[in-house]
Amino acid sequence: MLRTLLAFIFLFSYSYGSVLDSLEEKVKEYQSIQSKFVQKTFMKGLQEPETFEGKLFITKPEKIKILYEKPIKQVYFMEEKKLIIYTPEEKQVIKTEVSDQFILIKIFRAFSENGGLKKLFKLEKEVEKGGYIDAVLSVKESTDIKKVEMILKKDSFAVEQIIVWDSEGNKIVLSFYDFEYKKEPLKLYINIPDNVEIINY
């Protein structure tokens with residue numbers, strides 16, 4: 001009985017660590033990621049979610065560009081810990097540092113550095129559903145984020161969905177399309193016109 005129990009504990013622990021380990025190994029093999037996405041933000045008290053469409057670009061080391069295209073145009077550009085948010089319609093640029101309020105940026109940044117995913121997340125639960133792996137994660141050293149769920153294709157570890165719940169009951173659902181790991185780095189930059197208001201936050 002004891003031998004059986006010990007074997008069960010070993011297998012249980014191994015399976016809980018495997019998806020983050022495997023995803024980390026996958027990320028190490030590639031220099032960049034790009035994808036289209038649809039983001040739905042469910043705010044407590046609102047009946048309908050806010051829906052956004054855009055494109056995501058990640059390249060090593062620690063460089064991210066997010067292009068929101070619908071319903072408004074907005075650019076998020078991160079290099080290391082510096083973040084620029086450019087809204088063309090308002091002719092405004094916000095310059096700030098990546099903090100806990102930018103949880104999606106922190107998640108994407110984890111894909112841009114070796115070991116970043118295990119540094120950010122602790123794996124709480126892992127379930128295989130057909131050709132997919134559903135990983136439930138907690139964010140280390142964060143009280144604002146209740147949990148993060150990541151749904152991956154089992155064969156390629158392409159990200160299908162990222163779902164974030166905060167401590168106030170709000171939820172963000174990111175669904176990815178044409179998700180690609182790429183061997184080549186991307187040349188990411190941001191063009192800021194001269195006639196914009198710049199806010200340092």
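Mentor: Keep in mind that the model is predicted.

Trainee: How many salt bridges does the structure hold?

Mentor: Ten. One of them joins Asp-21 and Lys-118, with the closest N and O atoms 2.6 Å apart. That pair links helix α1, where Asp-21 sits, to helix α3, where Lys-118 sits, across 97 residues. Asp-21 is partly exposed at 35%, and Lys-118 is partly exposed at 40%.

Trainee: How do you know that Lys-55 and Glu-69 form a salt bridge?

Mentor: Check the number against the limit again. Their closest N and O atoms are 3.9 Å apart, and the rule asks for within 4 Å, so the pair counts. Lys-55 is in strand β2 and Glu-69 in strand β3, so the bridge ties together parts 14 residues apart in sequence. At 31%, Lys-55 counts as partly exposed, and Glu-69 does so at 33%.

Trainee: On to the rings. How many aromatic pairs are there?

Mentor: Seven, by the rule used here. In Phe-108 and Phe-176, for instance, the ring centres are 6.5 Å apart and the planes make an angle of 80°.

Trainee: Why is that pair of Phe-108 and Phe-176 given its label, and what is the label?

Mentor: Planes over 60 degrees apart count as edge-to-face. Phe-108 and Phe-176 are at 80°, so edge-to-face it is. Phe-108 comes from helix α2 and Phe-176 from strand β11, so the pair ties together parts that are 68 residues apart in sequence.

Trainee: Are Phe-108 and Phe-176 buried or exposed?

Mentor: Phe-108 is at 6%, so it's buried, and Phe-176 is buried at 4%. Phe-179 and Tyr-181 form an edge-to-face pair too, with 5.2 Å between centres and 75° between planes. Both Phe-179 and Tyr-181 are buried. Ring pairs join Tyr-30, Phe-108, Phe-176, Phe-179 and Tyr-181 into a cluster.

Trainee: What makes Lys-171 count as sitting over a ring?

Mentor: NZ of a Lys has to be within 6 Å of the ring centre and within 35 degrees of the ring normal. Lys-183 is placed over the face of Tyr-30, at 4.7 Å from the ring centre.

Trainee: Why is α2 described as mostly covered?

Mentor: Eight of its eight residues are buried. Phe-108 is among them, and so are Lys-106 and Arg-109.

Trainee: Which residues have the most contacts inside the largest nonpolar core?

Mentor: Phe-108, Phe-111, Phe-121, Ile-162 and Tyr-181, in a core of 48 residues. The largest share of this core, six residues, comes from α2. Leaving out residues up to four places away in sequence, Phe-108 touches Leu-56, Ile-58, Ile-64, Ile-66, Ile-162, Leu-174 and Phe-176. Apart from that core lies another, of ten residues, among them Phe-57, Val-75, Tyr-86 and Leu-186.

Trainee: One last label. How do you know whether Lys-146 is buried or exposed?

Mentor: Its relative accessible area is 63%, so Lys-146 is exposed, the cut-off being over 50%. Lys-146 lies in strand β9. Setting aside neighbours within four places in sequence, Lys-146 is in contact with Trp-165, Asp-166 and Ser-167. From Lys-146 to Lys-171 it's 25 residues in sequence and 9.9 Å in space, C-alpha to C-alpha.

Definitions and conventions. Residues numbered from 1 in each chain as written. Predicted model: local features only at pLDDT ≥ 70, side-chain atom pairs only at ≥ 80, totals over all residues. Heavy atoms only, no water. Helix = DSSP H or I, 4+ residues; strand = E, 2+ residues; numbered from the N terminus. Buried < 20%, exposed > 50% of the residue type's maximum accessible area, 1.4 Å probe, protein only. Contact = heavy atoms within 4.5 Å. Phe/Tyr/Trp six-rings, centres within 6.5 Å; stacked < 30°, edge-to-face > 60°. Salt bridge = Lys/Arg side-chain N within 4 Å of Asp/Glu carboxyl O. Core = buried A, V, L, I, M, F, W, Y, C linked by side-chain atoms within 4.5 Å.
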